[in-house]
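Visitor: Could you walk me through how to read a few features here?
Guide: Happy to, let's open the model and start.

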Amino acid sequence: MSRLLMSVCVGLMLTIGTSTLHASRQLNVVVILDNSGSMKGMMNRSESKIDAAKSALMQVLDKSPATSQVGVLLLNPGPQGDWLIPLGPIDRANLQRSVASLDADGNTPLGAKMKVAADALLQLREANRYGTYKMLIVSDGEASDPDLVQQYLPSIQARGILIDVIGVNMAQKHSLATQTSTYRNANDPNSLAKAIGDVVLGESSASPDDAAGQTDFEVLAALPDQVAMASLAALTAASNDPIEKSQDWVPDESSTSSHGSSAPANSGHRSPPPPKDKSPISMFQILVFIFIFAAIARAVFANLKSKR
Amino acid sequence: MFGKVSWLLALCVLFTTSNVHSQELFSGITGPLDVKEVQNSGPVNVPYITWGGDAATFYANGGLDTTPDSIYGKSGLKLKLTAGDDFVQQVKDYMGGKSPYLRGTFRMLGQASEVIGSDPRTKPVIIMQLSWSAGDHIVSRKELKTLNDLKREGKKVKIACQQGGPHVGLLYDALAAAQLTNEDVEIVFVKDLTGPDGAAEKFRTDSSIDACCVITPDMIGLTGGVDSAGTGAEGTVEGAHVLVSTQNMTRSIADVYAVRSDWYKSHREEVEKFVAGYLKGTVEVKKMRDDFEKTQRMSSEYRQLLTSCQKIFGEEVLPTLEVDAHGLLLDCNFVGLPGQIAFFNQSGNLSGFQPKLTAALDLATKWGYAKTRKGFDPAGFDYKKIASMAGVEYVEPQRIVKGESITAFPGDDLDSDTIVSFTISFEPNQTDFSVDRYGSEFDRALQAASTFGGAAVVIRGHADPTKTLVQLLTVGMKKGLIVRTGQKGQYKYYLKTQNGNQELDLNQTPAMVKLIESGAFEGASDSPLQTMQAALNLSLARAEQVKQSITQYAEQRGVNVNLSQLQPLGAGISDPVISKPSSIAEAKQNMRVEFRIVKVNPEDLSETDFDF
């Protein structure tokens, strides 16, 4: 087994495995799988990256708990569309056929697919409430729509969707490396295991458990009660509404938000770049403008012609 | 069905000589009684009371006097049905031999137990359960939200209730559900069940009365409806609402027939015919009632039955057939043959004969109706034989019923629908809920599930928010959103703002909330939102574990339980007792599983819910 295959396989299995500790029947994962043209590249002498990914997927999906809900979303549509495997209970009978149909071609529209994946997970969380909701991005390159990635990332995270990234054979860290829950290169299965294992969270500790030897209660003591209550209310009211890029996009200068220009340099919470309007409405507006301009020009031309 | 019933307007003149404001031994109410042999010539007198369950008796008998073509007539019985709403008079007639039968609720018989059980000849044999009530209610003022509120510091809650009537048992069960007794409240006994001297009028005219036990028409008159609150208009009392109802407390008030022990010994075959005929009548009456409810088309046979009820109970009690007479029948849940078997024979039925007898005698002795515990006997019928005589299919009652649970999430009106609640606590990361430690709570939950047959027992897990809050601070500090100064034990937190660092105090709460909502604390491997979600999952896992432990406990003890009533929910950190614990002891107060008895729509219930 190639290192890539092993890493992806271990990554997925750990993602699934650690989650089952808390609520085995309620693991919900969307794997965003890079099937762009670059994945045709060879992983080693005998196996391409995409073939290694297919083998890894088969193994992981085969071993995933029957009660989990897993979906595999492609960056570029396959024969069945964007979803190689729709988010839901795994249909093992059709698994082989689905994965076999996977091919690599196209670019890396990661931002657009992050929204699709997040919306699917949020819809599921709205219905199920409980469980763990994760997005696992497996990619060998940077997004071809980096602005969208930056636009969607904060609102996805603000809704409590955990994003893990596995960079496949990347020379540098993926640009999401500093902004997501975990990032590991695919050739580092051991540290990947530890990073995902750290996602398993506890409740509270009475004994000192940090480097400074402080108990949780000592850390909390100076937090005002009202702030604690309001913070809990805000945390427990995480929205399941679909991701809207405009909603979280406008920088708020009036607040202390790290989104704004006052965000500390070391916050790790990247301020998104100014929005670039790529919506169909804008294109429509341009067309309307061209049409009006052409009509005016024709009228002017006709007027001039008549004056002659 | 709730707006339809204006029956029972002149019902149950019980305890007419009783002292309104104090309890009295039942023997003192009846005075000295001589036991005489049962009159054994002519038709047998059988008392009835104003209740929907008695309509099946009329139907089986063909009216007050047995008609030849009726169910009882064909089986050779000759009965004369007589008004028995005056229960004291019933007891006098029973002891004096005018009738071998007693008709009442199990608890009313319990209150009279010392009198009727003092002579072996009159010791009651309970021969049949007719129905469970779904038409009795405790109405309270606005400030009383759940049964837990019936106990308060300082001034006792005052509850108006008819002395010795069917509501005494309801009140006893309601208090027991909150682990209270009559010592914890002030019961103001009134003379009548309804009318000028009833509990509803007392509640309406005396503002010091906090709650009252009433029948459906009075409940509607005070509140406007079972799910409404009075506005003060049209005779309602502002803020008055149903605190608990037998629509949810479906196994509280059991209507029964008893016969004298000496009569049973000498007339067992007749008694069997009486029971079999009633069961046969029940099947047909239920079908007619349910058909009308479904189609709104009244068959001539059902119209005839309702007209008969109207004639017997009086037009002032049942002014209309479609609303009042039909509503009277809707307010009772006929138990049928499986429910009969479950009540008398099924072991592990927490609402069966033995538990009800114990509760009835507890009530009688603790509340001052009796000094000694004189019990009753069950008839001990062969129900296969009874089924054959009745011409109904013999069906064993269910035991542990598996079904879909209700679906509701914390906060989805759970508070407003909660009838009563209690809590168990546990240790951090605890997953084992042993019988040794939690057996009494499991018993209480099972008893609640049984008594509140029309309610869900929500098992609501909670998690402590300490870790989530700590993570919020530590992630905030890592990201530079929060700055901490000072030494251990004397920390101060500051929020980074455009205007520099501002101390994290009450004024900074909106800014902190905005940061959380924007996702500013997310994105790292330590995620407060993920910790919150993990706590939510953990709280559900604990609730599910508790349900599993209760189920195993019930199975081991042979207790019947309707699993669809037990609904595990996870509340996570959303509703902590202490938002910011300062010690593990305070954190443990948050680590708890709460049992809530929650109202469900009566339409969600099925007939089989009453099989055990």
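Guide: One cysteine to begin with: B:Cys332 is buried, at 0% relative accessible area (buried is under 20%, exposed over 50%, partly exposed in between, with a 1.4 Å probe and protein chains only). Some ground rules: this is a predicted model, where local features need pLDDT of at least 70 and side-chain atom pairs pLDDT 80 or more, while totals for chains, interfaces and linings use all residues. Residues count from 1 along each chain as its sequence is written, chains are lettered from A and ligands numbered from 1 in the order written, and side-chain values use heavy atoms, without hydrogens or water.

Visitor: How many disulfides are there over all chains?
Guide: A disulfide is a pair of cysteine sulfur atoms within 2.5 Å, and the count over all chains is 0.

Visitor: In what order do the strands of the chain B sheet with β15 run?
Guide: Strands of a sheet pair through backbone hydrogen bonds, parallel or antiparallel. Here the order is β15-β16-β17 in an open, antiparallel sheet of 3 strands (strands are DSSP runs of E, at least two residues, and helices runs of H or I, at least four, numbered from the N terminus; pairing takes at least two DSSP bridges). The edges are β15 (482-485) and β17 (500-503) of chain B, each pairing on one side only. Twist averages 35° from one strand to the next (axes are lines fitted to C-alpha atoms, for helices over the stretch in contact, and angles run from 0 to 180 degrees between N-to-C directions).

Visitor: Over how many bridges do β15(B) and β16 of chain B pair?
Guide: Over 4, with β16 covering residues 492-497; B:Thr485 has B:Lys492 as its bridge partner.

Visitor: How do B:Phe381 and B:Tyr383 pair?
Guide: Aromatic rings of Phe, Tyr and Trp (its six-membered ring) pair with centres within 6.5 Å; planes under 30 degrees apart are stacked, over 60 edge-to-face, the rest tilted. B:Phe381 and B:Tyr383 are edge-to-face, 6.1 Å centre to centre with 90° between planes, and both are buried.
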